[in-house]
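Subject: Structure handover: aromatic rings

Hi,

Here is the structure I promised to pass on. Please open it and keep it beside this email while you read.

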Amino acid sequence: SSTQSSIGIGDLSILGQYLLIADQRNALNISGGIKLPIGKVNHRDPSSIFLSPDMQSGSGSFDYFARASYNRVGFLLPFLSANVSAVYRKNGINNSFGSTDTFDGRRFAFGDNAIFNLGFRYLIDFKKGFLIPDLALQYRWGGPNREEQTIAPNSGGHWLSVPLGFSYDIDGSKSIRLYGELPVYQKLDGLQITTNFVAGVQLSYLFKKKNSQNIIEF
């Protein structure tokens, strides 16, 4: 019978990527990074009670992640590409969640995560750009959260979903993408709140140096 909300800038992720294989049809890369805890972690409700950790803008912890991805262009059809990727995220500990002037806070850590994704994209030539529908199958495992070195019973589980989207790419440098994610199967440990639908808009712009293959993407 009540609602909660919070808004703010999240944590900062820094990623490095190395391309192992790159030719006209295949691309294999590995990447790794760190998440810096710059987001706000003291959001409160109108009664000045701390919101739960998953309602905070930041995590208050240094987290680490690794990723491997393989992409194949011309998979079965000339303009169809397939991608397989795996991501693992190791989450650190926030040693002072809920701290106040009179309370040092408690130790809290989100559970580690692993995500496996199989996706397909199709390129359609359209006027000055390309229309690109995409469809994928994604499995995510979430480990249990930890509070004061104890496993939180109502956390962790398994999620199977279908991400899908539609992009318009303009001259290879600018693009806009509408996307959503539909749940197929969820098995959660204990009593939890989870999403039943995800929707969003993604804007991208590529800065490419002349006579160079170095690209910065936003």
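Predicted model: local features only at pLDDT ≥ 70, side-chain atom pairs only at ≥ 80, totals over all residues.

**Ring pairs**

A search of the whole structure gives 7 aromatic pairs. Take F108 and F110, which make an edge-to-face pair. Their centres are 5.0 Å apart, and the angle between the planes is 90 degrees. That angle counts as edge-to-face because it is over 60 degrees.

Is F108 buried or exposed? F108 is buried, at 5% relative accessible area.

Now look at F116 and Y139. This pair is stacked, with 6.3 Å from centre to centre and 20 degrees between the planes. The pair connects distant parts of the chain, 23 residues apart. F116 belongs to strand β7 (residues 113–122), and Y139 to strand β9 (residues 129–142). F116 is partly exposed, with a relative accessible area of 44%. Y139 is also partly exposed, at 29% relative accessibility. Both get that label because the class runs between the 20% limit for buried and the 50% limit for exposed.

**Charges over rings**

F50 has a further contact to look at. R44 lies over the face of F50, 4.2 Å from the ring centre. R140 lies over the face of W159, at 3.9 Å from the ring centre.

Best wishes

Key:
Residues numbered from 1 in each chain as written. Heavy atoms only, no water. Phe/Tyr/Trp six-rings, centres within 6.5 Å; stacked < 30°, edge-to-face > 60°. Buried < 20%, exposed > 50% of the residue type's maximum accessible area, 1.4 Å probe, protein only. Helix = DSSP H or I, 4+ residues; strand = E, 2+ residues; numbered from the N terminus. Lys NZ or Arg CZ within 6 Å of the ring centre and 35° of its normal.
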